[in-house]
Amino acid sequence: MGVTEDDAIAETVLKTYHALPTKYKPVKATEDYFHWVPLSGIVAVRGKDDHSTTECLSLGTGMKCLPINQVTGANGSVLHDWHAEIVALRAFNRLLLHECLDLAASPTNLSHIVRRREPHEMSEAGGLQPFSIRDDLRLHMYSSEAPCGDASMELLMETQADPTPWPVAGLHHPLGPVPGLLRGRESFAELGIVRRKPGADYVKRI
């Protein structure tokens with residue numbers, strides 16, 4: 001049986017990660033214990049079926065956010081959210097900006113990720129969006145762990161002996177009721193709701 005596209009996407013990110021220098025990876029803490037960290041990556045797929053090719057465009061590791069009491073003093077020099085998927089997306093955005101700047105620098109420059117829009121494509125945007133992702137490109141995100149929030153709720157439900165949704169008794173917050181806010185993964189059947197990290201002091205002042 002051949003490799004599925006999903007497996008090829010995951011393998012592409014993992015191979016790119018394993019090729020990085022050791023200093024970019026978790027270390028072995030003790031003889032029996034390794035540090036670990038979630039990994040995410042953006043992969044470009046060209047072609048279909050057996051003729052498709054994959055390329056890892058960006059990747060990132062991480063699993064934390066900057067405490068709210070440190071955000072104001074960061075002055076834009078510290079990343080507020082370094083969850084793996086956020087780092088991978090920020091790196092991908094930087095790559096797109098670099099490719100667009102390169103295309104804008106000269107009409108002869110080409111990109112294997114971004115293309116120039118045709119005049120009729122820019123009419124609706126008033127000429128403010130001169131570039132687009134190439135038509136032969138499909139983009140996918142790989143994550144070694146399901147991201148927090150709605151993306152992991154179904155996985156959580158599957159681990160329950162009784163997957164019946166818990167009753168929603170109301171939304172609670174240390175500073176009083178906050179509409180549309182839940183603590184951690186409580187009431188996991190409710191989707192589309194902002195969830196704060198449970199058990200962390202800095203989330204008490206959202």
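Visitor: Which residues are buried in helix α5 (residues 150–158)?

Guide: Ser152, Met153 and Leu156 are buried in α5. Buried means under 20% relative accessible area, exposed over 50%, and partly exposed in between, with a 1.4 Å probe and protein chains only. Helices are DSSP runs of H or I with at least four residues, strands are runs of E with at least two, and both are numbered from the N terminus. This is a predicted model: local features need pLDDT of at least 70, side-chain atom pairs count only at pLDDT 80 or more, and totals for chains, interfaces and linings use all residues. Residues are numbered from 1 along each chain as its sequence is written, and side-chain values use heavy atoms, with hydrogens and water left out.

Visitor: What makes the buried residues of α5 line one face?

Guide: Seen down the axis of α5, they fall within an arc of 120 degrees, so they line one face of the helix. The arc is that of the directions from the helix axis to the C-beta atoms. On the other side of α5, Glu154 and Glu158 are exposed.

Visitor: Which residues of α1 are buried, and where do they pack?

Guide: Ile9, Ala10, Thr12, Val13 and Tyr17 are buried. They cover an arc of only 155 degrees around the axis, which puts them on the same side of α1. Lys15 and His18, on the other side, are exposed. The buried residues pack against β3 (39–46), β4 (53–61) and β7 (137–143).

Visitor: What makes β4 and β7 edge strands?

Guide: Two strands pair if DSSP finds at least two bridges between them. An open sheet of 3 strands runs in the order β4-β3-β7, with antiparallel pairing. β4 and β7 each pair on one side only, and are the edge strands. Between β3 and β7 there are 7 bridges. Ile42 stands opposite Met141 in β7.

Visitor: Why is Glu85 called buried?

Guide: Its relative accessibility is 15%, so Glu85 counts as buried. Glu85 lies in helix α3. Contact means heavy atoms within 4.5 Å. Leaving aside neighbours within four places in sequence, Glu85 is in contact with Ser40, Met141, Ser143, Pro147 and Cys148.
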